[in-house]
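Here is a short briefing to read alongside the model. Take a look at the sequence and the structure first, and then we can walk through some details together.

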Amino acid sequence: MKPSNQLKIGLAGLGRFGILHAKVLSSMANVELLAIAETRPEPLKEIGELYGVERRYKEAEELIKDPDLDAIVIVTPNDQHERHCLQALATGKPVFIEKPLASNYKNAQNLKQAAENSGSILQVGLILRYELNHRIIHQQIHQKSLGELISIRTKRNLSRSWFTATAERVHTVYESSIHDLDLLLWLTGSKPISVFAHERRLGNHLSPEACIALIKFENGCIGITETSWFVPTGAPANVTTNNWKGCIDAELVVVGSNKTVQLRSLDSPLKIWDSSGTISPDSALWPEYNGRIYGALREELDDFVKCASQGVESATANLEDAVNGLHLADAIIESARTGTPIIMNQLL
Ligand SMILES: NC(=O)c1ccc[n+]([C@@H]2O[C@H](COP(=O)([O-])OP(=O)(O)OC[C@H]3O[C@@H](n4cnc5c(N)ncnc54)[C@H](O)[C@@H]3O)[C@@H](O)[C@H]2O)c1
């Protein structure tokens with residue numbers, strides 16, 4: 001029998017990332033994964049059977065209407081976030097939604113307003129705030145151990161083979177840089193004043209293949225953020241599943257007046273060489289051992305479950321910052337489009 005104090009969660013979207021959410025949620029002692037939703041019948045059946053979830057919906061909207069749920073987790077594609085999030089917020093229940101919160105700043109503001117109107121807790125998947133190395137850097141900055149913040153440089157370069165899955169769907173700044181824009185807001189703790197960006201296009205896709213932006217913050221810190229989709233197949237694979245693998249070549253360099261901090265995603269000490277190349281398994285974000293997922297994904301869902309159970313906002317995944325991350329993303333895309341610097345308070 002299920003303990004009565006378990007939070008009854010409904011999970012919508014069982015794609016590459018949703019199945020990881022299902023694995024984490026189904027292993028939590030204080031959670032009952034009561035319902036799942038997925039438009040594709042195979043993963044709905046497979047995940048339902050694997051974790052003994054009997055309530056299976058073909059549509060997120062049907063799951064959201066389930067009156068027995070205590071909280072809702074949304075891991076559907078980006079272009080459906082606003083619709084599903086609005087429906088979920090209308091229930092007044094706590095909602096966790098994967099990044100990016102919305103497709104632009106205006107829509108993100110609308111979602112924040114909808115959460116305020118309904119009294120729902122709205123938590124966005126700002127996963128790097130839950131990763132231990134990033135947390136140590138955040139702590140060092142806020143204990144003033146680095147001295148004055150001079151600059152923060154972020155890089156998130158991804159496997160070229162993944163670009164086709166993204167190119168026509170979403171601008172890369174909303175897809176990949178959004179993680180780093182959140183890091184910049186979180187680590188500086190300051191407001192961005194201006195942005196200047198360039199993008200590089202080799203094809204006629206919705207998304208450019210690369211985008212680099214320079215951001216000036218109110219506290220004087222200079223942010224530089226880079227993303228591109230040119231990592232060759234031969235690079236060490238640090239994102240692997242049963243049927244695909246690839247590389248996130250991410251880097252964070254924080255220069256303070258006293259200290260410099262560097263964090264590189266490919267510096268993991270664990271390397272596995274096989275006939276097709278090198279695998280450098282992720283041990284930070286969602287590493288799996290013995291059927292259990294550890295790392296930042298577990299930490300952030302654990303935070304959501306605690307906050308939802310207690311009816312309080314997350315102290316870590318700040319909603320205002322999630323909304324402001326989209327303001328920065330809009331500014332970068334507009335600057336790259338027009339070739340001119342953008343003053344943040346002049347951008348609606
Ligand atoms: N935090 C991170 O590091 C991270 C990593 C990967 C993905 N994500 C985010 O997670 C989300 C999902 O990404 P993904 O890679 O799993 O995508 P995906 O396309 O693999 O999965 C989305 C799933 O939602 C299903 N779906 C679509 N419409 C639906 C509906 N109306 N009702 C129910 N199910 C529906 C699709 O069939 C698919 O299985 C995205 O927002 C993405 O940005 C975050």
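Let's begin at L146, whose contacts beyond four places in sequence are Q140, I141, V254, G256, S257, N258, K259 and V261. Please keep in mind that this is a predicted model.

**Around L146**
- L146 sits in a loop, with α6 (132-142) on one side and β7 (149-159) on the other.
- Is L146 buried or exposed? Its relative accessible area is 1%, so L146 is buried.
- A71 is 75 residues away from L146 along the chain, and 39 Å separates their C-alpha atoms.

**Around D321**
- Helix α10, which spans residues 319-338, contains D321.
- D321 has a relative accessibility of 18% and therefore counts as buried, because the cut-off for buried is under 20%.
- Leaving aside residues up to four places away in sequence, D321 is in contact with R129, D182 and L185.

**Aromatic pairs**
- The count of aromatic pairs comes to three.
- One of them joins F163 and W229 in a tilted arrangement, with 5.7 Å from centre to centre and 50 degrees between the planes.
- Which parts of the chain does this pair tie together? F163 belongs to helix α7 (residues 163-166) and W229 to strand β10 (residues 222-231), so the pair links parts that are 66 residues apart in sequence.
- Both F163 and W229 are buried.

**Overall fold and dimensions**
- The protein is built with 10 helices and 19 strands.
- How does the radius of gyration fit with a compact globule? For 348 residues a compact globule would have a value near 20 Å, and the protein has 20 Å, so the two agree.
- Along the principal axes, the C-alpha atoms fill a box of roughly 55 × 55 × 45 Å.
- Among contacts with a separation of 6 or more, 67% are between residues 24 or more positions apart.

**Surface and charge**
- Buried residues make up 54% of the 348 in the protein.
- The accessible surface amounts to about 16,400 Å², and carbon and sulfur atoms account for 52% of that surface.
- The side chains include 35 positive and 41 negative ones, and the centres of these two sets are 2 Å apart.

Technical notes. Residues numbered from 1 in each chain as written. Predicted model: local features only at pLDDT ≥ 70, side-chain atom pairs only at ≥ 80, totals over all residues. Heavy atoms only, no water. Helix = DSSP H or I, 4+ residues; strand = E, 2+ residues; numbered from the N terminus. Rg over C-alpha atoms; globule rule 2.2 N^0.38 Å. Buried < 20%, exposed > 50% of the residue type's maximum accessible area, 1.4 Å probe, protein only. Contact = heavy atoms within 4.5 Å. Areas by Shrake-Rupley, 256 points an atom, 1.4 Å probe, with all protein chains shown as cover. Lys, Arg positive; Asp, Glu negative; His and termini not counted. Charge placed at Lys NZ, Arg CZ, Asp CG, Glu CD. Phe/Tyr/Trp six-rings, centres within 6.5 Å; stacked < 30°, edge-to-face > 60°.
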